[in-house]
Amino acid sequence: MNTHAKPTPDSTLRRFWLKWRFHINVLLLLVPLGFMPKYFADAALFRGDTGLGEREIGDVQVGPWSLRLAELRNEAPTLDGPAGHMKNFTAALCDRCRDQVKATYLRIGKPRSLRAAGVIFFGTPHRMGAMLPIPEKTKADAELWITMEGWDGAMHQAALPLNQASPATVAWLNQQGGKP
Amino acid sequence: MIRVFRPLQTVLLVLCTGFSASALAHNPMCECKAVDAEQIKCTGGFSDGSGAPGVTLDVIGYDETILVPGKLGADSTLTFKKPGAEFYVLFDAGPGHVVEIDQADIETP
């Protein structure tokens, strides 16, 4: 009786793997290259090399002060779990008002009070960010209200139409079908 | 024999890659419901799943008078009697971290 079992011949797939596995692994190193353009575009956006955001809204005069406003991404609001849909805005204070402005707030619709002025901009005055909740029932003709509070207690407000501030958001709202 | 694929490692790799860049924001959120004809129960929290015990929740009239000054309990909720006047609820976790709920947006049972 032959005690030595005959080695079974390898399958084609296995032979292919054994022969090419190192080459295939080198190819894996090329995968990240495909993601690099987006990575560098994002890095430049967050660093501010490509401006305040993907879409500049322009200068907004708020009482004696002004700020440069932009949409971080020129796209529809993104869902943040149970908190609802959010839209990122960035802003830069005017040179002269950097030392005078204590806080800048953003809200859809006119604020009832300073306490309920909306979301606050955080970050350096040269490049601040705010994450604004966009309720699904927001009307397409709504206004974006900017409230600025000075260190001297002064408060100034300005409004701009939402379709001027973020056409992508208005397009998204229209797509939602204007929930009641 | 060399195993070509290791299913567990592959799954781990995919999971680590997929969830590495998820957003870490925590926005305030608040929900109010009428428990009966007289009482309204509000629950506060943050979008990262954390609760909001001790956070201020005021019931404010349309004329800006504070009708019910309150703080959320240990279970992040507050139950209050529905005011007679028109009102809105303000969940106030600090400047710029507020949620407003108008009386018209409070669900009735």
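Colleague: What stands opposite Val60(A) in E2(A)?

Modeller: Leu67(A) stands opposite Val60(A) in E2(A). This is a predicted model, in which local features need pLDDT of at least 70 and side-chain atom pairs count only at pLDDT 80 or more, while totals for chains, interfaces and linings use all residues. Residues are numbered from 1 along each chain as its sequence is written, and chains are lettered from A, with ligands numbered from 1, in the order in which they are written.

Colleague: What makes strand E1 and E2(A) a pair?

Modeller: Two strands pair if DSSP finds at least two bridges between them. Strand E1 (residues 55-62) of chain A and E2(A) have 7 bridges in the antiparallel sense, so by that definition they pair. In their hairpin, which has 2 residues between the strands, Gly63(A) has a positive phi near 60 degrees. E2(A) also pairs with strand E4 (residues 85-93) of chain A, antiparallel over 5 bridges, and there Phe89(A) is the bridge partner of Glu71(A). Strands such as these are DSSP runs (E, at least two residues), and helices are likewise DSSP runs (H or I, at least four), numbered from the N terminus.

Colleague: Why is strand E2 of chain A called mostly covered?

Modeller: A residue is buried if 20 or more other C-beta atoms, placed from the backbone, lie within 10 Å of its own; it is exposed if 12 or fewer do, and partly exposed in between. In E2 (residues 65-71) of chain A, 5 of the 7 residues are buried. H2(A), by contrast, is hardly covered, as the count of buried residues among its 17 residues is 0.

Colleague: What is meant by a kink in H2(A), and where is it centred?

Modeller: The bend at a residue is the angle between axes fitted to the seven residues ending there and the seven starting there. In H2(A) the kink is about 35 degrees, centred on Pro37(A). After H2(A) comes Gly48(A), with a positive phi near 95 degrees.

Colleague: Why are E6 and E10 of chain A said to stand at the edges?

Modeller: The open sheet has the order E6-E5-E9-E10 (chain A), with antiparallel pairing. Strand E6 (119-120) and strand E10 (155-161) of chain A each have a single partner strand, so one side of each lacks a neighbour in the sheet.
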